[in-house]
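This report is meant to be read alongside the sequence and the coordinates.

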Amino acid sequence: MCLCLSVLFIYIVYQKIRFNCLLMFLFCFCVSRCKNLFEVFGIFLLFQADSSYLYINKLYIAKMDQMSPDNINGVILAVSSSIFIGSSFIIKKKGLKKAGASGVRAGEGGYGYLKEPWWWAGMITMIVGEVANFAAYAFAPAILVTPLGALSIIFSAVLAHFILQEKLHMFGILGCILCVVGSTTIVLHAPHEQKIESVKQIWQLAIEPGFLVYSAVIVVVVAILIFYYEPRYGKTHMIVYVGICSLMGSLTVMSVKAVAIAIKLTFSGTNQFKYFNTWIFILVVATCCLLQINYLNKALDTFNTAVISPVYYVMFTTFTIIASMIMFKV
């Protein structure tokens, strides 16, 4: 009860919406009659619907009018990507569970899941989502695209609850809500992207001292996690697997941004693949993606999907925003 009322208070302050005493009394009464947190959340949404719709709608229209067409295209692609990626977590987890039942589990170093159709179906779904995400980075800044991954959390958490029977507890629901609120705030106040004329321009940003130091620190930390902490604590502390994926993910996003812009400019008539810089970015993307896939499989096989998804999203988004701020100075 106290948690629900706390969430209500935070939401009211954030939206600057005032409830009258009668509505507050009715809300508390309905909450007291609820049997579980899902019913509480439903009542909360019901009472919020009429009062918050007008505010959100006005804010959304005002902000969308200020967004550039490229940013809007990027948002649409990023949302589509999140739906596919969120679903892929569940499909891959089913494949990992089936493979683990008949062989060595991925969390213990096995690769039997490569023979499992469910895992490949999840992988294909994830590739489709990543392609849409890849395209989104060609239109919108990373600081806008990455936070929209919050939607994938909602899909994976809800599907995990109903399909994998992994219970989503109250703090998991609260975490999902806060992720969505934070992502919405970032999207509505996203900066306009600076004009990029060639991959060489991104290369110059990537070799500046600030980003080189950041990249070096990331590589060193990931190496320590892989060679020291993963053998000792990987199976008991999910932060090891998630940390490796999130840290490398921030470098992946910056390289994906470069490759996506290279493709966009090439289709516009300016060939960017004649520069060696483009191929270096492609090599970084391939290396980082393979590393992330390997350790994400281990994380999904070892820990609860409903917990992995929010933690991975928060860490990945945080490091990506930091990398974007350092590289693009936004």
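Which residue takes a positive phi just after H11? Gly-269 does, with a phi of about 115°. The model in which this value was computed is a predicted one.

## Overall make-up

The chain contains 13 helices and zero strands, and from the N terminus on its elements run α-α-α-α-α-α-α-α-α-α-α-α-α. Of the 330 residues in the chain, buried residues make up 46%.

## Helix H11

Helix H11 covers residues 238–267, a stretch of 30 residues, and from its first C-alpha to its last it reaches 42 Å, which is close to the 44 Å expected at 1.5 Å a residue. The helix bends by about 25° at Gly-249.

Ala-132 lies in helix H5 and counts as buried because its relative accessibility is 14%, where the cut-off for buried is under 20%. Ala-132 and Phe-84 are 48 residues apart in sequence, while their C-alpha atoms are 9.1 Å apart in space.

Ala-286 has its place in helix H12, and with a relative accessible area of 38% this residue is partly exposed; its C-alpha atom is separated by 9.7 Å from that of Ser-255, a residue 31 positions away along the chain. Phe-316 is found in helix H13 and is buried, with a relative accessible area of 17%. The C-alpha atoms of Phe-316 and Gly-149 are separated by 9.6 Å, although the two residues are 167 residues apart along the chain.

## Aromatic contacts

A pair of aromatic rings is described by the distance of the centres and the angle of the planes. The model has 10 aromatic pairs, counted where ring centres lie within 6.5 Å. One of them is formed by Trp-203 and Phe-281, whose rings are 5.7 Å apart centre to centre with 75° between the planes, an edge-to-face arrangement. This pair links distant parts of the chain, since Trp-203 belongs to helix H9 (residues 199–206) and Phe-281 to helix H12 (residues 276–302), 78 residues apart. Both Trp-203 and Phe-281 are buried, and ring pairs link Trp-203, Phe-276 and Phe-281 into a cluster.

A contact of another kind involves a charged side chain and a ring: Lys-94 lies over the face of Trp-118, at 5.3 Å from the ring centre.

Technical notes:
Residues numbered from 1 in each chain as written. Predicted model: local features only at pLDDT ≥ 70, side-chain atom pairs only at ≥ 80, totals over all residues. Heavy atoms only, no water. Phe/Tyr/Trp six-rings, centres within 6.5 Å; stacked < 30°, edge-to-face > 60°. Helix = DSSP H or I, 4+ residues; strand = E, 2+ residues; numbered from the N terminus. Buried < 20%, exposed > 50% of the residue type's maximum accessible area, 1.4 Å probe, protein only. Lys NZ or Arg CZ within 6 Å of the ring centre and 35° of its normal. Expected span 1.5 Å × (residues − 1). Bend = angle between axes of the 7 residues up to and from the residue.
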